[in-house]
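Here are my notes on the model, as numbered points. Please read them with the structure open.

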Amino acid sequence: MKMKKVLAMMLAGVMTVSALSGCSSSNTSGKEDTSSEAAGDSAKVLRVGMECSYAPFNWTQDTDTTPDGSKAVPIYGSDYYAYGYDVAVAQKLADEMGMELEIHKVEWSSIGISLDAGDYDAIIAGMGRTAEREVSYAFTDPYYYRDNCIVVKKGSAYENVKKLSELAGTGCKVTTQLGTGWVPLLDQIEGAELSGNYETTSECFMAISNGVADVCVVDLPTAESAALTNKDLVIITFDENDTFVGDDEMVNVCIATRKDDTELRDRIQEAMNAIGWNDKDIMDTLMDQVISQQPAAN
């Protein structure tokens, strides 16, 4: 009798283990289904990386409201919102593709690294399409065309400069934003002193205001945006016959995806085509609109 009881207990234990194994298998299967659903959801989200500190292309604000009634977009993982030209265009494209827009704030110096790491799937951040970047990323056609300029301090010795050659031999201290297509242009200012470049354009403009630098090379919309709130800044566009060579790369502002993610790049391009986002007049109209919407702090 004792032996029968022992055998019965052993059999019950085996059945219990089997039952637990069955539960484990069922749970694993359930997790796979959930993962699949999550993957399906992520395919409906356009995850975009940008600085959120590069007005008027993108900036950070406290609320989702703008003066003209446009809606800013929540910044992923924060209590703040992003708006600007990049956000407005990204929202139009997401709507056309039937996707939700998700904005990720990232430092410019790591914007490509974070894209490659999968933190987001596209860069819409006022990025110029250069030959060097095309080696690493897939680009759409331009979603904005911009002119380049220099910014100097009001009342300085450089306020009335009209040509690149007029800066030659002056020993001016020059600056621009790190990791941009403007960096190589600094070498074209003969005899200039490199005063150091900065992570953000805001820091570049501060350097001009404080006299740490004399000349900042940047794009025109960003300079115009800064000049709205910083009366120390003077914007100069060079004579087209006496200006930087090779700065046309920074004119074409494009959307980037990972090099091997041409499927998303093509979807975005199709959306751009569908909404007619290849007309410079339309682009300029939106840029003028968003410049007027930026908070004073930007």
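**Notes on strands, core and cavity**

1. Strand β6 (residues 122–123) and β13 run antiparallel and are joined by 2 bridges. Ile-123 has Ala-256 of β13 as its bridge partner. Keep in mind that this is a predicted model.

2. β13 also pairs with strand β7 (residues 137–145). That pairing is antiparallel too and spans 6 bridges. Within it, Pro-142 has Cys-254 of β13 as its bridge partner.

3. How many residues of strand β13 (residues 252–258) are buried? The count is 6 of the 7, so the strand is largely enclosed by the rest of the structure. Buried here means under 20% relative accessible area.

4. Next, the nonpolar core. The largest one holds 84 residues. Those that touch the most other members are Leu-46, Tyr-85, Tyr-143, Ile-150, Leu-167, Ile-189 and Ile-268. Helix α2 (residues 85–97) supplies the largest share of this core, with 8 residues.

5. Leaving aside residues up to four places away in sequence, Ile-189 touches Leu-164, Leu-167, Cys-172, Val-174, Val-215, Val-217 and Phe-244.

6. A search of the whole structure finds 1 cavity of 30 Å³ or more. The volume of the largest cavity is about 60 Å³. It is lined by 13 residues, and the closest to its centre are Tyr-54, Trp-108, Gly-126, Gln-177 and Thr-180. The lining of the largest cavity is made up of 6 nonpolar, 4 polar and 3 charged residues.

Note on methods. Residues numbered from 1 in each chain as written. Predicted model: local features only at pLDDT ≥ 70, side-chain atom pairs only at ≥ 80, totals over all residues. Heavy atoms only, no water. 1 Å grid on protein atoms, 1.4 Å probe; cavity = no way out; pocket = protein on both sides within 12 Å on 5 of 7 lines; lining within 4 Å. Points joined across faces, edges and corners; volume = space filled by probe spheres on them. Nonpolar A, V, L, I, M, F, W, Y, C, P; charged D, E, K, R; others polar. Core = buried A, V, L, I, M, F, W, Y, C linked by side-chain atoms within 4.5 Å. Buried < 20%, exposed > 50% of the residue type's maximum accessible area, 1.4 Å probe, protein only. Helix = DSSP H or I, 4+ residues; strand = E, 2+ residues; numbered from the N terminus. Contact = heavy atoms within 4.5 Å. Pairing = 2+ DSSP bridges.
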